[in-house]
Amino acid sequence: MALKAVVMGSAVAALARMAAAAQPGAAKPVPAPMRDLVWGRLNVLHTTDTHGWHGGHLQESQYSADWGDYVSFAEHMHRSADKRGVDLLLVDTGDRVEGNGLYDASSPKGKYYYDIYREQHVDIICTGNHELYIASTADREHQHTVPNFKENYVASNLDYIDPKSGERMPMAQRYRKFQTKNQKLDIVAFGFLFDFTGNANNTIVQPVRDTVREPWFQSAIREETDVFVVIGHVGVQMPEFKAVFRAIRKQNPLTPILFFGGHVHIRDATAYDSRSFAVASGRYFETIGWMSVDGELERTAVSEESGFSFHRRYIDNNLLGLHYHTGLDATTFPTEHGRNVSAMITKARAAVDLDYAFGCAPKTLWMSRSPYPGGSSIYSWLEEEVLPDVAVNPHRKDVPRLVIVNTGAIRFDIFKGAFTRDTTYIVSPFLSVLVYIPDVPYRTARKVIKLLNNAGKIMESAPMDNRFMAIPEQLVIHESIIHEDAASDMQVDGNHQKPLGDSAGTRPRLTDGYTTRDDIGNDGDDTVHTPVNFYVVPNCIQAEIDLPSDGEPDTVDLVFMDFITPWVLMALRLLGGEYSEKDVELYVEGTFTELMAGWIEKNWPRHC
Ligand SMILES: *[C@@H]1O[C@H](CO)[C@@H](O)[C@H](O)[C@H]1NC(C)=O
Ligand SMILES: *[C@@H]1O[C@H](CO)[C@@H](O)[C@H](O)[C@H]1NC(C)=O
């Protein structure tokens with residue numbers, strides 16, 4: 001695939017400023033060298049794990065397009081498909097909620113989000129685990145998104161319990177059979193969720209290995225079809241997708257099968273065999289995935305000899321890139337419908353006051369782009385500045401304490417500039433609070449952090465993987481590191497990502513971003529970037545507060561995030577300390593997020 005430079009002069013950049021798309025105040029899009037999309041006969045655009053970021057990334061220029069821009073993009077791409085006589089589908093694989101003020105800040109949550117999201121025409125859509133943690137979230141998904149998408153919503157292994165009647169029913173239809181618009185290709189589509197067990201009690205997730213044995217599934221895979229499309233809130237390397245693949249393939253040796261996955265928040269692609277291809281499209285609406293398949297797709301034409309060609313692209317959600325792929329510019333790109341959706345988002349953001357600034361971040365603080373401990377680490381900032389100030393219980397303020405926070409409590413970087421209400425939900429969307437066990441012998445308490453930061457499980461028999469306390473991106477990256485020598489200096493290129501080609505020469509300046517290497521190769525990203533560093537962070541960090549400067553205290557208060565209580569109790573038990581849930585009390589009023597926002601309001605300048 002030849003690299004094509006988009007040379008964008010300042011005239012174009014100025015145009016982009018005049019023709020407002022994206023959200024007002026969003027960072028201006030940046031030009032970069034691009035790789036083209038490869039069209040086939042069947043083409044798919046894919047979003048996953050958007051987590052409420054439908055307003056785009058206001059502080060990151062390369063992801064600052066919003067859901068309205070995606071509506072415009074899809075409209076142009078549909079037109080292009082019609083012209084070529086091929087077909088285009090849109091799919092979404094769940095975790096649309098939790099993680100951004102656009103969803104989280106309203107009461108009830110999602111007051112504006114459901115209406116904004118539905119404006120995009122999505123052909124196949126399914127549920128993620130974040131739609132199911134809280135019973136009311138699952139209720140709203142069933143009340144809003146399922147009817148909004150009617151026959152397009154597929155729930156192959158998910159049931160819902162009606163709160164009034166107590167009746168158990170499929171969350172949505174089990175599968176979908178339809179014909180494409182232009183070529184009348186028959187498609188049979190499924191929508192799965194991985195074997196999730198943390199859901200509230202108003203939904204039931206059936207393990208995928210059981211679903212594929214169900215009579216309805218066995219009959220669905222015997223339907224006459226040209227292509228199977230399996231979408232799922234499932235990582236493409238996870239066993240659940242492989243089980244679905246084996247079941248379909250056993251019955252259909254020649255039919256192409258397209259998989260669309262998510263959950264692990266990375267760009268990834270793989271082939272299960274030469275006729276089956278899988279792609280995962282990142283997180284937080286940074287990425288719009290693209291997959292195309294070409295060849296004799298009609299089942300009547302397919303034989304042992306016929307082959308298919310697949311392509312995948314990870315499209316940066318960058319307005320200039322969307323212009324590039326559609327051959328349009330800032331004036332011709334936004335459609336009336338797209339502009340309307342951008343306006344809905346602007347209105348919703350204003351209604352919940354997402355731009356209210358708690359303070360101005362004096363510098364960027366990274367989760368994993370700079371080393372911990374270090375001056376640019378968000379975790380060092382928490383440990384050294386925030387926690388000593390906010391982890392104070394008025395009745396126990398003279399008691400020395402160890403305060404343990406799991407790194408997974410932080411979900412995103414803090415960028416230099418305004419720290420807004422929106423930022424609080426982005427950086428720490430959880431309702432976690434600080435709890436404590438009083439007067440733990442120091443000799444025991446001080447060893448807890450070491451056990452929590454062990455790789456693997458605290459105890460082989462315990463079903464608690466320590467890594468669930470850390471950031472989800474590391475779940476995948478961790479594995480790749482363990483097999484690399486780079487582990488010794490604790491630094492790897494993110495998601496086994498390496499620089500692409502040589503960055504010398506006369507190309508436009510490269511921006512930092514995804515440089516993905518997947519099972520297919522290293523040409524997946526639509527934009528050529530310089531790689532972003534990825535430094536491993538521990539599962540948990542610890543602030544030592546008011547410890548005597550000489551000698552050791554006899555006892556300390558052991559303070560920690562309520563989320564990690566099971567791990568802390570297990571660690572104490574292993575160290576010979578018998579404590580239970582009954583010993584755990586609230587340490588300080590307010591969620592961790594509120595404490596952090598309060599600290600910022602007090603300590604950072606109000607305005608930038
Ligand atoms: C779910 O749990 C809640 C609270 O424990 C309980 O009131 C409710 O009846 C349970 N619902 C079902 C369907 O089991
Ligand atoms: C956009 O919004 C205007 C004003 O509300 C409305 O008249 C128009 O029908 C909308 N257009 C589309 C395509 O949604």
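Predicted model: local features only at pLDDT ≥ 70, side-chain atom pairs only at ≥ 80, totals over all residues.
Phe285 sits in the loop between strand 12 (276-281) and strand 13 (287-294), and its phi is near 55 degrees, a positive value in a residue other than glycine. The ring of Phe285 also takes part in an aromatic cluster, whose other members are Trp67, Tyr70, Tyr103, Tyr113, Tyr114, Tyr117 and Phe149.

A positive phi is also found at His51, which is not a glycine either and has a value of about 45 degrees. His51 is placed in the loop between strand 1 (42-47) and helix 2 (67-84), and because its relative accessibility is 1%, it counts as buried.

## Cis peptide bonds

The peptide bond that leads from Ser107 to Pro108 is cis, with omega near -5 degrees. Pro108 belongs to the loop between helix 3 (101-104) and helix 4 (113-117).

Another cis peptide bond joins Tyr372 and Pro373, where omega is about -5 degrees. Here the proline, Pro373, is found in the loop between strand 15 (357-361) and helix 11 (378-390).

## Aromatic pairs

A pair of aromatic rings is described by the distance of the centres and the angle of the planes. Across the whole structure, a search finds 37 aromatic pairs. One of them is formed by Trp39 and Trp290, whose rings are arranged edge-to-face, with 5.0 Å from centre to centre and 75 degrees between the planes. This pair links distant parts of the chain, since Trp39 lies in the loop between helix 1 (10-18) and strand 1 while Trp290 lies in strand 13, 251 residues apart. Both Trp39 and Trp290 are buried.

Phe190 and Phe217 form an aromatic pair that is tilted, with 4.9 Å between the centres and 45 degrees between the planes. Phe190 is part of strand 7 (residues 186-193) and Phe217 is part of helix 7 (residues 215-220), so this pair ties together parts that are 27 residues apart in sequence. Phe190 is buried, with a relative accessible area of 0%, and Phe217 is likewise buried, with a relative accessible area of 0%.

## Salt bridges

Side chains of opposite charge can pair when their charged atoms come close. The search of the whole structure finds 28 salt bridges. Among them is the one in which the side chains of Arg267 and Asp316 meet, at 2.7 Å from N to O. Arg267 lies in strand 11 (residues 267-273) and Asp316 in strand 14 (residues 309-316), so the pair ties together parts that are 49 residues apart in sequence. Arg267 counts as buried at 0% relative accessibility, and Asp316 counts as buried at 1%.

A salt bridge is also formed by the side chains of Asp557 and Arg396, again with an N to O distance of 2.7 Å. Because Asp557 is in strand 24 (residues 555-561) and Arg396 is in the loop between helix 11 and strand 16 (401-406), this pair ties together parts that are 161 residues apart in sequence. Asp557 is buried, and Arg396 is buried as well. Elsewhere, Asp92, Arg96, Glu131 and Glu141 are joined into one network by salt bridges that share partners.

## Charged side chains in two helices

Within helix 2, the side chains of Glu75 and Arg79 meet in a salt bridge of 3.9 Å, N to O, and because these residues are 4 apart in the helix, they are separated by about one helical turn. Glu75 is partly exposed, with a relative accessible area of 27%, and Arg79 also counts as partly exposed, at 46% relative accessibility.

A positive surface patch is formed by Arg443, Arg446, Lys447 and Lys450. Of these residues, Arg443 lies in helix 13 (residues 442-452). The relative accessible area of Arg443 is 59%, and because a residue counts as exposed when this value is over 50%, Arg443 is exposed.

Methods. Residues numbered from 1 in each chain as written. Chains lettered and ligands numbered in written order. Heavy atoms only, no water. Patch = residues over 30% accessible without salt bridge, like charges linked within 9 Å, V, L, I, M, F, W, Y side chains within 5 Å. Areas by Shrake-Rupley, 256 points an atom, 1.4 Å probe, with all protein chains shown as cover. Salt bridge = Lys/Arg side-chain N within 4 Å of Asp/Glu carboxyl O. Lys, Arg positive; Asp, Glu negative; His and termini not counted. Charge placed at Lys NZ, Arg CZ, Asp CG, Glu CD. Buried < 20%, exposed > 50% of the residue type's maximum accessible area, 1.4 Å probe, protein only. Phe/Tyr/Trp six-rings, centres within 6.5 Å; stacked < 30°, edge-to-face > 60°.
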